[in-house]
Amino acid sequence: GHRIPFREMADEHPDADTGDVIFVLKQQEHSEFKRKGADIFLERRISLVEALCGFELEVKQLDGRKLLVKTAPGDIVKPM
């Protein structure tokens, strides 16, 4: 996992040096979102009609907010 050190932030004792606090992060898999580097992706299937004529898709974000993704007729939707 990714390590985040906080130098000299541990408990202090009169006869000892202050130690470090180190957090180790472990990524947990998500059922819908996938991570690629610093980006988060959501993969959804759309029909050819939706790709050509436009569509609306409501996405619930990780923090609970909802995001409406819209395409207009004529917009080009390409697979990644």
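Guide: Let us start with a term: strands here are DSSP runs of E, at least two residues long, and they are numbered from the N terminus. Please also keep in mind that this is a predicted model.

Visitor: With that in hand, where does Glu8 lie?
Guide: Glu8 sits in the loop between β1 and β2.

Visitor: What makes Glu8 count as exposed?
Guide: The cut-off for exposed is over 50% relative accessible area. Glu8 has 57%, so Glu8 is exposed.

Visitor: What is the phi of Glu8?
Guide: Its phi is positive, at about 55°, although Glu8 is not a glycine. As background, most residues other than glycine have a negative phi.

Visitor: Which elements does the protein have, and in what pattern?
Guide: There are one helix and six strands. Along the sequence they follow the pattern β-β-β-β-α-β-β.

Visitor: Why is the protein called more spread out than a compact globule?
Guide: For 80 residues the globule rule gives 12 Å, and the radius of gyration is 22 Å, well over that value, so the protein is more spread out than a compact globule. The C-alpha trace spans about 75 × 25 × 20 Å along the principal axes.

Visitor: Where is Val59, and which residues is it in contact with?
Guide: Val59 belongs to strand β5, residues 55–60. Beyond its neighbours within four places in sequence, Val59 is in contact with Phe33, Leu42, Arg65, Lys66, Leu67 and Val69. With Val69, 10 residues apart along the chain, the C-alpha separation is 7.4 Å.

Visitor: Why does Thr71 get the label buried?
Guide: The relative accessible area of Thr71 is 19%, and the label applies under 20%, so Thr71 is buried. Thr71 lies in strand β6, residues 66–71. Its contacts, leaving aside neighbours within four places, are Glu50, Gly54, Phe55 and Val77.

Visitor: And what makes Arg3 exposed?
Guide: Here the value is 52% and the cut-off is over 50%, so Arg3 is exposed. Arg3 is placed in strand β1. Arg3 and Ile22 are 19 residues apart in sequence, while their C-alpha atoms are 6.6 Å apart in space.

Visitor: How many salt bridges does a search of the whole structure find?
Guide: The search finds five salt bridges. In general, side chains of opposite charge can pair when their charged atoms come close.

Visitor: Why is the pair of Arg7 and Asp20 called a salt bridge?
Guide: The cut-off is a side-chain nitrogen of Lys or Arg within 4 Å of a carboxyl oxygen of Asp or Glu. In Arg7 and Asp20 the closest N and O atoms are 2.9 Å apart, so the pair is a salt bridge. Both residues are in the loop between β1 and β2, 13 residues apart. Arg7, at 55% relative accessibility, counts as exposed, whereas Asp20, at 38%, counts as partly exposed.

Visitor: What makes Glu32 and Arg44 a salt bridge?
Guide: Their closest N and O atoms are 2.4 Å apart, and the limit is 4 Å, so they form a salt bridge. This pair links distant parts of the chain: Glu32 is in the loop between β2 and β3, and Arg44 is in the loop between β4 and α1. Glu32 counts as partly exposed at 37%, and Arg44 counts as partly exposed at 38%.

Visitor: How far apart are the closest N and O atoms of Asp63 and Arg65?
Guide: They are 2.7 Å apart, and the two residues form a salt bridge. Asp63 and Arg65 are both exposed.

Conventions: Residues numbered from 1 in each chain as written. Predicted model: local features only at pLDDT ≥ 70, side-chain atom pairs only at ≥ 80, totals over all residues. Heavy atoms only, no water. Helix = DSSP H or I, 4+ residues; strand = E, 2+ residues; numbered from the N terminus. Rg over C-alpha atoms; globule rule 2.2 N^0.38 Å. Contact = heavy atoms within 4.5 Å. Buried < 20%, exposed > 50% of the residue type's maximum accessible area, 1.4 Å probe, protein only.
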